[in-house]
Amino acid sequence: MSEVTDEAGIFSAQLNRTVMGAWLAATLVSVSLEALALIMGVGSNIDWLLLIAFAGISAVIAMHVFDKRPVLIVSPQGVHDRRISSRMIPWDDMLWHRLEVHGTAPVLGVGLTDKTAKEVGVHPWALLFKNQQAPLGKTKGYRIWAVRTRGESHDFVRAVQRFAPNRHDS
């Protein structure tokens, strides 16, 4: 469920814990099976490696499942998607932005220079939107989407339309 504050209209949404909980359950089953194989003596050296890997994956997923902070915020200052960056991406620092709505999965593509991406802490695993023509030539772009959150897609679209500055290249 999205939380939209009435006075400012800021959009914020938490991660969909149901989906992440299912992934956590699957990795915990894998950890249990690997541990059982090792306890019963039918496991090999690879089972130790798999046990450690699945336990690590479970720990990372558990951190996301129990984190109650919003994962996506759209405000007058910019956009912060904790899935791709550690800080807010200011509207003024975007070379371009483009809102594309395909059915129920709206995507905000934003173009950033390498310097800006480094300043806002874009994670190395952030999904590339695609290289698109921008005023300064082709630049890296990143996807920001409301899917996999408990937010409403139409609230996300309204917030982007409200706060994104109008530009000739957006």
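Predicted model: local features only at pLDDT ≥ 70, side-chain atom pairs only at ≥ 80, totals over all residues.

Colleague: How many bridges join β3 to β4, and in which sense do the strands run?

Modeller: Three bridges join β3 to β4, and the two strands run antiparallel. They form a hairpin, with three residues between them. Strand β4 also pairs with strand β5 (residues 89-90), in the antiparallel sense and over two bridges. In that pairing, Gly 78 stands opposite Pro 90.

Colleague: How should I read the two faces of such a strand?

Modeller: The general idea is that side chains in a regular strand alternate between the two faces of the sheet. In strand β4 (residues 78-81), Gly 78 and His 80 lie on one side, with Val 79 and Asp 81 on the other. These four residues are all buried, so both faces of the strand are covered.

Colleague: Let us turn to charged side chains. Where is Asp 67 found, and is Asp 67 buried or exposed?

Modeller: Asp 67 is found in the loop between α2 (45-66) and β3 (72-74). Its relative accessibility is 17%, and because buried means under 20%, Asp 67 counts as buried. Beyond its neighbours within four places in sequence, Asp 67 is in contact with Arg 17 and Arg 82.

Colleague: With which residue does Asp 67 form a salt bridge whose closest N and O atoms are 3.1 Å apart?

Modeller: That partner is Arg 82. Asp 67 lies in the loop between α2 and β3 and Arg 82 in the loop between β4 and β5, so the pair ties together parts that are 15 residues apart in sequence. A salt bridge also joins the side chains of Asp 67 and Arg 69, at 2.9 Å from N to O. Arg 69 is partly exposed, with a relative accessible area of 49%, and Arg 82 is partly exposed at 24%. Salt bridges that share partners join Asp 67, Arg 69 and Arg 82 into one network.

Colleague: How many salt bridges does the count come to?

Modeller: The count comes to five. Another of interest is that of Arg 83 with Asp 81, the closest N and O atoms being 2.8 Å apart. Both Arg 83 and Asp 81 are buried.

Colleague: Finally, which residues form a nonpolar patch on the surface?

Modeller: The patch is formed by Val 29, Leu 33, Leu 36, Met 40 and Val 42, with about 530 Å² of accessible area together. Val 29 has its place in helix α1 (residues 17-40) and, at 49% relative accessibility, counts as partly exposed. The protein chain exposes about 9,900 Å², of which carbon and sulfur atoms supply 61%.

Definitions and conventions:
Residues numbered from 1 in each chain as written. Heavy atoms only, no water. Buried < 20%, exposed > 50% of the residue type's maximum accessible area, 1.4 Å probe, protein only. Contact = heavy atoms within 4.5 Å. Patch = residues over 30% accessible without salt bridge, like charges linked within 9 Å, V, L, I, M, F, W, Y side chains within 5 Å. Areas by Shrake-Rupley, 256 points an atom, 1.4 Å probe, with all protein chains shown as cover. Salt bridge = Lys/Arg side-chain N within 4 Å of Asp/Glu carboxyl O. Pairing = 2+ DSSP bridges.
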